[in-house]
Amino acid sequence: YSVVAQGEKQNLNPLQKVIAHSLIEELNFFLLKKNLIIKLIEEKGQEEVMLDELRQILLKKKFKIDALSAYEGIVNKEKVFIRPGSKKNKGWQITFRDVFKNHLKNENGNLLIPRGNVIYIPFSEVIKVLKEPSSFEKNTIDVFFAFEEDKVFLRYKDTELEVTSFLINNS
């Protein structure tokens, strides 16, 4: 036997991507509604990284871990808040409130998002999307991290900032 044709990766045009995405959403909704599935599989690169695996990734990337728990820690002698976020239409929602919000306001610490390749971003970068002076007057501040094909965006209301450079490559 000999090979007469070789397959290649199929690339969808924008219209096909929209149709495929909407069909997947409809199918997921139907399967959840009929109780045929109980949880959706996270998109590639967005699955949650568990704490023990997160510790290994940080150590592999030469971060110095002084303390690390489920929600906060001390990494490279700086305060770190660990938040996986909640899946929303705009992306993964991270809600800042109380002590967490005060640290953000004072740009004191970092945010560690254990999803896919892991995002380690200083609060001084997160605060760049909070351009409205009234942002800190509210009880909570909701920001969104949107994972796209090869980029990650931080969004707050109408402001967007590319934060791909803060990904920790765990491959």
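Which residues have the most contacts inside the largest nonpolar core? The legends below start with that view.

This is a predicted model, so local features need pLDDT of at least 70 and side-chain atom pairs count only at pLDDT 80 or more, while totals for chains, interfaces and linings use all residues. Residues are numbered from 1 along each chain as its sequence is written, and side-chain values use heavy atoms, with hydrogens and water left out.

**View 1. The largest nonpolar core has 25 residues.** Those with the most contacts inside this core are Phe96, Leu111, Leu130, Val143 and Phe145. A nonpolar core here is a set of buried Ala, Val, Leu, Ile, Met, Phe, Trp, Tyr and Cys residues joined through side-chain atoms within 4.5 Å. Buried means under 20% relative accessible area, exposed over 50%, and partly exposed in between (1.4 Å probe, protein chains only). At least two core residues come from each of several elements, including strand S5 (91-97), helix H3 (98-105) and strand S8 (140-147). Helices (H or I, at least four residues) and strands (E, at least two) are DSSP runs, numbered from the N terminus. S8 gives the most to this core, with 4 residues.

**View 2. Here is Val143 with its contacts.** Setting aside neighbours within four places in sequence, Val143 touches Trp92, Gln93, Ile94, Phe96, Leu130, Leu154, Arg155 and Tyr156; contact means heavy atoms within 4.5 Å. A second, separate core of 14 residues includes Val49, Leu54, Ile57 and Val118.

**View 3. Five strands form an open sheet in the order S1-S2-S3-S6-S7, with mixed pairing.** Two strands pair if DSSP finds at least two bridges between them. Strand S1 (65-68) and S7 are the edge strands, each pairing on one side only. Neighbouring strands of the sheet are turned by 20 degrees against each other on average, direction ignored. Helix H2 packs on this sheet, touching S1, S2, strand S3 (78-82) and S6, and its direction makes about 165 degrees with that of S1. Axes are lines fitted to C-alpha atoms, for helices over the stretch in contact, and angles run from 0 to 180 degrees between N-to-C directions.

**View 4. S1 and strand S2 (residues 72-75) run antiparallel, joined by 3 bridges.** Ala67 stands opposite Ile74 in S2.

**View 5. Asn35 and Lys157 each have a positive phi without being a glycine.** Most residues other than glycine have a negative phi. For Asn35, phi is about 55 degrees; this residue lies in the loop between helix H1 (14-33) and helix H2 (51-60) and is exposed, with a relative accessible area of 64%. For Lys157, phi is about 50 degrees; Lys157 sits in the loop between strand S9 (152-156) and strand S10 (159-162) and is partly exposed, at 44% relative accessible area.
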